[in-house]
Amino acid sequence: MSGGEVAGILVAVFWAILVSFLALALVRLAQTLKATTKMVAEVSEQAVPLLADASATVRSAHTQLARVDAIASDVQEVTANASALSSTVSSAFGGPLVKVAAFGYGVRRAIGKKGAPPEPKRTVVGRTLPAARRGGRRNRRSKD
């Protein structure tokens, strides 16, 4: 055997080992791709119903929001009507009701003073005190 033949055998063995490693790598890559394909198929099977459920939930939420919006606009209209009614009742009955109450108070005072003797007025430094202040002041120093 000559040196060229030995070199040829070494190159052939090297290529055989290299091809074996590449074949092994390709086999493992094929297995990984099969497993990935299987996993993607399983995820797709589970994701499609989940997406359908999510879509149905979003549609339902949209419908409920539309109902709530309608209710809110109705409540706003009722509130505006109640405010208008309140101001109308206040303006229509407020003035006369105050006058009737003042008249009733005057009548009660007149009837109450009719049978009672007139109270003497007290004068302090040139002015008359109202009846509520006539009792005198408490001594602030004696807190017993």
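Q: Where is confidence lowest in the chain, and where is it highest?
A: Strand 1 (residues 123–124) has the lowest confidence, with a mean of 60, and helix 1 the highest, at 91. That's pLDDT, the predictor's confidence in each residue, from 0 to 100. The chain averages 84, and 79% of the residues score at least 70.

Q: What should I know about how the values were made?
A: This is a predicted model, where local features need pLDDT of at least 70, side-chain atom pairs count only at pLDDT 80 or more, and totals for chains, interfaces and linings use all residues. Residues are numbered from 1 along each chain as its sequence is written, and side-chain values use heavy atoms, with hydrogens and water left out.

Q: OK, which pattern does the chain follow?
A: Along the sequence, α-β-β. There's one helix and two strands, taken as DSSP runs numbered from the N terminus (helices: H or I, at least four residues; strands: E, at least two).

Q: What does UniProt say about residues 6–29?
A: The unreviewed entry annotates them as "transmembrane region". UniProt positions are given in the numbering used here, feature names are shortened, and annotations may be inferred rather than shown by experiment. In the model, that span is 100% helix and 0% strand, and its end C-alpha atoms lie 34 Å apart.

Q: Switching topic: is Met1 buried or exposed?
A: Exposed, because its relative accessible area is 73% (exposed is over 50%, buried under 20%, partly exposed in between, with a 1.4 Å probe and protein chains only). Met1 sits in the segment before helix 1 (3–114).

Q: And how much of the chain is buried?
A: Buried residues make up 1% of the 144 residues.

Q: How many aromatic pairs are there?
A: One. The ring centres of Phe14 and Trp15 are 6.2 Å apart and the planes are at 65°, so the pair is edge-to-face. Rings of Phe, Tyr and Trp (its six-membered ring) pair if their centres lie within 6.5 Å; planes under 30 degrees apart are stacked, over 60 edge-to-face, the rest tilted.
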